[in-house]
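Hi everyone, thanks for coming.

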Amino acid sequence: MTSPPAASIQPTRLLSLDVYRGLIMLLLMGEGAGVYYALHEFENPIIQAIATQFTHPPSGLSFWDTIQPGFMFIVGVAMAFSIRSRRAKGVSWARLTGHFVKRSIILLLLGAGLHCFYAMSLVWELWNVLCQLSVTILIAFAIYRLPVWSQFMISLLLILATDLAYRFIHIAPYDQSFVLGSNFGTYVDTLVMGTTNSDGWVALNAIPTAAHTIWGVLAGKLLIAEPSATRRVVMLAGLGVLGIIVGYAMAALDIAPIIKRISTSSFVIVSGGWCVLALALFHAAIDLTGWRRGLGFLVVVGLNPITIYMITEALAYGWLRPRVGIFTEGFLGPIGLAGAALALMTACVTWFVLWFITWWLDRHRIYIRI
């Protein structure tokens, strides 16, 4: 019996998904290590331009603005594969429901706990990605068995509902639709948490960005159901490009500004488009060609995403980096390395230490999942 051609094999596990997730986690580790902060210390205009892409501007879209949507999108893709695998093993929907509810609660507690680490005190704040994810996975799972078009329409309704709330629910002093710190989302924070974020982030982002996780689920279902690998790539790439065009057009036509900190409709759509396009490119470059060489260093990072995220957020910048600095500054300072170069070296060594932790966990087959 001859094997079917590669272009018609349905995937059981995607290396491209592991690599995409690993890249996102590696970049998040770089932030925790202080690499992008160190880049800002250089006066070179090219380096400054690169560093700017690793910030969240008040408006417009930077490269760094696509990382959190990518994280939530990838969770949705992995959810589709996970549910298919569990169902094939006979796991009931009731057990799956219990699993995702438990997972949501754990993510919420971990996210809220991280904010206590940030503040070095007991606080109730819900702005980080784990808190957001605790909501988006529940929404994505709740509608998982609906027809594809119904799921897609619900994702658009979530975006539309929050967009309309920003435009038409004005409660002084939170009565300026898309002004950071003076909008409906900030008002909701005062009700839910009794506080607001000084940089303009809002917990309400969990509602419109649920679209990213839903779109991830739909992308995962497409990858599973579509037997032609070529068609998978073409469909994903086309949808991604369409999202990018629509999102930027909304901003250009003054329909809605692109603002990540409050996840405006145009931001959700354009960043979602980039996520779908990235998955298409990874799928084409890795799964279709059989490329494996040199990807292991990314795969190991993505195998413990929540664990490494917690380590990075809680310990990297405030605890690990200063201790790495004892050695980099002690050994490299006396030979003349100083200023921005020394700061970058310290950050890069810290980044490597974080990566080594992920390698060590994989080497010892330690995978902490929730």
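Let's start with who lines the largest pocket: H1, helix H2 (35-39), helix H4 (67-88), helix H5 (93-119), helix H6 (129-142) and helix H13 (305-332) each put at least two residues into that lining. Please keep in mind that we are looking at a predicted model. Which helix gives the most? That is H13, with 9 residues.

The lining of the largest pocket comes to 40 residues, and those nearest its centre are Glu 31, Tyr 118, Asn 128, Tyr 309 and Glu 313. The space inside is about 1200 Å³. If you sort the lining of the largest pocket by class, you get 20 nonpolar, 14 polar and 6 charged residues.

Now for the second largest pocket, with its volume of about 780 Å³. It is lined by 31 residues, and closest to its centre sit Arg 21, Ala 78, Ser 82, Arg 103 and Arg 369. H1, H4, H5 and H13 each bring at least two residues to this lining, and the largest share, 9 residues, is from H4. By class, the lining of the second largest pocket splits into 17 nonpolar, 7 polar and 7 charged residues.

How many salt bridges does the structure hold? There are 3.

In one of them, Arg 21 pairs with Asp 18, with 2.6 Å between the closest N and O atoms. Both residues belong to helix H1 (residues 15-33) and are 3 residues apart, about one turn of the helix. Are Arg 21 and Asp 18 buried or exposed? Both are buried.

Another salt bridge joins the side chains of Arg 167 and Asp 163, at 2.5 Å from N to O. These two are about one helical turn apart, because they are 4 residues apart in helix H7 (residues 148-168). Asp 163 has 8% relative accessibility, so it counts as buried, whereas Arg 167 counts as partly exposed because its value is 26%.

Then there is Glu 226 with Arg 231, where the closest N and O atoms are 3.3 Å apart. Glu 226 is at 13% relative accessibility and therefore counts as buried. Arg 231, at 46%, counts as partly exposed.

That's my tour, and I'm happy to go back to any of these spots with you.

Terms used:
Residues are numbered from 1 along each chain as its sequence is written. This is a predicted model: local features need pLDDT of at least 70, side-chain atom pairs count only at pLDDT 80 or more; totals for chains, interfaces and linings use all residues. Side-chain values use heavy atoms; hydrogens and water are left out. A salt bridge is a side-chain nitrogen of Lys or Arg within 4 Å of a carboxyl oxygen of Asp or Glu. Buried means under 20% relative accessible area, exposed over 50%, partly exposed in between (1.4 Å probe, protein chains only). On a 1 Å grid over the protein atoms alone, a cavity is a set of points where a 1.4 Å probe fits but cannot get out, and a pocket is an open set with protein on both sides within 12 Å along at least five of seven lines; lining residues have an atom within 4 Å of a point. Grid points are joined across faces, edges and corners, and a volume is the space filled by probe spheres set on the points. Ala, Val, Leu, Ile, Met, Phe, Trp, Tyr, Cys and Pro count as nonpolar, Asp, Glu, Lys and Arg as charged, and the others, Gly among them, as polar.
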